[in-house]
Amino acid sequence: MIARAAASLTLLLVLVLVLACTPPERSQADNIVLIVMDTVRVDHLSVYGYPEPTSPYLERLAEQGTRFDRAWSTSSWTLPSHASMFTGLLPSQHGATQSHLQLRGDPDLLAARLADAGYQCAGFSNNPWVSSKTGLHRGFEVFGELWRESERPSSLLADHSSVAVEQWFAAQRDRERPFFLFVNLMEAHGPYEPDWRYAWPVLGGPVAIARAHRAYDPVQDHGFVREWYAGDQPVEPEVLAAARALYDAEIRQVDASVERIVAAVDRYADPATTTLVVVTDHGEGFGEHGHVGHAFSVYDTLLRVAAIARGPGFEAGTVDGRVVQLTDLYPTLLQAAGLTAPETQGRDLHRQDDEQRLLAASYAYPAQVLGTFPPALRDSERLEPHRRSFGVGLDGRYKLILDSTGHQEVYDLIADPGEATPLTDLDPTILARLRAVAAASVTQGAAAGQGEPLGDLDPETLQALRELGYLE
Ligand SMILES: [Zn+2]
């Protein structure tokens with residue numbers, strides 16, 4: 001009798017241990033939410049250690065899921081970055097770049113794939129680069145181009161997007177199907193004019209807010225960027241500091257928008273079967289490396305991004321230090337839908353392996369940005385150094401930047417995250433691998449538009465690229 005009881009107890013213990021070690025069963029068709037905080041610099045988010053209280057909500061959200069600490073975009077501005085999230089492809093592959101403002105061909109878009117699998121797909125974008133004009137709306141049953149409701153998309157009321165989301169859930173949501181909800185939030189994009197409610201806790205009070213507003217005029221923002229690059233007058237340090245402070249306040253405003261959207265999602269969908277990802281698409285410069293805004297550069301002020309994932313497979317309160325990229329959202333979100341992703345540059349973030357990755361990023365010849373300068377400034381000699389495209393190869397520690405004139409810089413991102421001092425000595429094997437990836441990005445970018453080609457790649461480089469999956 002005692003022996004039988006002991007055996008039962010052992011069996012029970014084994015069962016408990018097995019259950020404890022087995023990951024929870026994943027739903028095969030989770031609801032999916034992707035929120036992009038446009039132009040939010042990862043190192044200005046308090047959830048990533050910034051000293052100002054810019055993201056109190058994201059700090060709480062990260063406690064409910066996984067914060068990815070080493071994430072990069074594929075480029076330094078909206079269009080290629082979003083196109084990479086939606087396709088899993090690099091800019092050199094999807095073609096939506098500075099010198100070719102559309103997707104090339106008919107790539108398999110995330111929303112279209114999810115719609116084919118029975119998802120109800122709704123998108124709300126505040127950024128015209130993510131729109132029917134660029135083809136990124138394809139696959140969405142509802143696609144709200146919210147910027148149309150204001151002459152200045154980045155100055156819309158902070159609850160604008162969450163109201164649109166709430167209305168969609170209340171009026172159009174089909175409960176028979178799982179859903180994919182995408183939202184692009186533009187508050188942090190220039191011009192910087194935060195609502196005082198969000199400026200107060202970040203800047204410290206009304207006197208500081210008034211001082212910042214006196215120094216920086218949001219109506220002149222585009223003049224501010226043009227003045228920086230091509231004007232006669234240097235931009236005063238206090239103007240730059242005021243712009244940066246108001247930008248920080250706008251990040252707090254985006255944080256509040258994310259909170260309202262997630263609250264709406266949680267009212268209508270069970271968090272246990274909803275995969276929710278919040279990312280940034282690129283950063284913003286305030287004088288670092290001689291840059292403002294987000295053009296002409298691929299330094300990490302622009303290229304590094306934030307990524308926080310909550311839901312099945314993302315354990316609460318965890319930090320993931322693997323090298324990841326926005327391309328990874330494509331297989332990850334398809335996996336959340338129970339779908340197998342086609343082969344792309346992305347990796348499923350649910351996976352637990354520790355693959356050594358070599359990431360590529362690029363910035364094509366800035367035809368579009370140069371076109372935004374008035375003719376008198378467009379020919380300015382001061383713009384001369386910026387008439388080039390860039391390719392990047394990075395492995396998480398080392399990053400190589402190659403431009404279309406052949407100029408090359410290498411940084412140790414661990415020892416020197418601000419990319420202040422280029423390395424003069426690096427293992428030739430590592431250097432060759434990084435350079436091959438960067439060279440392919442910069443050359444292919446040039447081939448797609450008006451960039452300046454680097455010249456033909458040698459057979460070894462081509463072979464390495466093929467092995468690494470960067471060439472057909
Ligand atoms: Zn953007």
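## Polar contacts at threonine 78

A polar contact is a pair of N or O atoms within 3.5 Å; within protein, one must be able to donate a hydrogen and the other to accept it, and residues adjacent in sequence count only if both atoms are side-chain atoms. Another, of 3.2 Å, links the side chains of threonine 78 and asparagine 127.

This is a predicted model: local features need pLDDT of at least 70, side-chain atom pairs count only at pLDDT 80 or more, and totals for chains, interfaces and linings use all residues. Residues are numbered from 1 along each chain as its sequence is written, and side-chain values use heavy atoms, with hydrogens and water left out.

Threonine 78 belongs to helix 3, residues 78-87. Helices (H or I, at least four residues) and strands (E, at least two) are DSSP runs, numbered from the N terminus. The relative accessibility of threonine 78 is 1%, so the residue counts as buried. Buried means under 20% relative accessible area, exposed over 50%, and partly exposed in between (1.4 Å probe, protein chains only). Leaving out residues up to four places away in sequence, threonine 78 touches Asp38, Asn127, Trp129, Val130, Asp281 and His282. Contact here means heavy atoms within 4.5 Å.

## The protein overall

The protein has 16 helices and 14 strands. Of its 472 residues, 55% count as buried. Take the contacts between residues at least 6 apart in sequence: 73% of them join residues at least 24 apart.

How many residues of helix 3 are buried? Ten of its ten are, and the helix is mostly covered. They are Thr78, Leu79, Pro80, Ser81, His82, Ala83, Ser84, Met85, Phe86 and Thr87. The cover includes strand 1 (31-37), strand 5 and strand 6 (274-280). It also includes helix 4 (91-94), helix 5 (110-116) and helix 12 (329-336). Glycine 88 follows helix 3, with a positive phi near 75°.

Tryptophan 77 sits in the loop between strand 2 (66-72) and helix 3. Tryptophan 77 has 5% relative accessibility and counts as buried. Beyond its neighbours within four places in sequence, its contacts are Thr97, Gln98, Leu101, Trp129, His282, His294, Tyr363 and Gln368. Tryptophan 77 and glycine 283 are 206 residues apart in sequence. In space, their C-alpha atoms are 8.1 Å apart.

## Helix 7: ends and buried face

Helix 7 covers residues 196-203. At its start, a side-chain oxygen of aspartate 195 comes within 2.9 Å of the backbone nitrogen of arginine 197. After the helix comes glycine 204, with a positive phi near 105°.

Which residues of helix 7 are buried? Tyr198, Ala199, Val202 and Leu203 are. Viewed down the helix axis, the buried residues fall within an arc of 110°, so they line one face of helix 7. The arc is that of the directions from the helix axis to the C-beta atoms. An α-helix has 3.6 residues a turn, so residues three or four places apart point the same way. The buried residues of helix 7 pack against helix 8 (206-215) and helix 10 (237-268).

## Helix 7 against helix 10

Helix 7 and helix 10 pack at an angle of about 120°, with axes 8 Å apart. Axes are lines fitted to C-alpha atoms, for helices over the stretch in contact, and angles run from 0 to 180 degrees between N-to-C directions. The two helices are therefore oblique to each other. Angles under 35 degrees count as roughly parallel, over 145 as roughly antiparallel, 65 to 115 as roughly perpendicular and the rest as oblique.

On the helix 7 side, the contacting residues are Tyr198, Ala199, Pro201, Val202 and Leu203. On the helix 10 side, they meet Ala245, Leu246, Asp248, Ala249, Arg252, Gln253, Ala256 and Arg260.

## Backbone features in loops

Glycine 190 and proline 191 are joined by a cis peptide bond, with omega about -5°. Proline 191 lies in the loop between strand 5 (179-185) and helix 7.

Phenylalanine 296 is not a glycine, yet its phi is positive, about 65°. Its loop runs between strand 8 (292-293) and helix 11 (300-303). Phenylalanine 296 is buried, with a relative accessible area of 3%. Glutamate 419, also not a glycine, has a positive phi of about 50°. Glutamate 419 is in the loop between strand 14 (408-412) and helix 15 (428-448). At 2% relative accessibility, glutamate 419 counts as buried.
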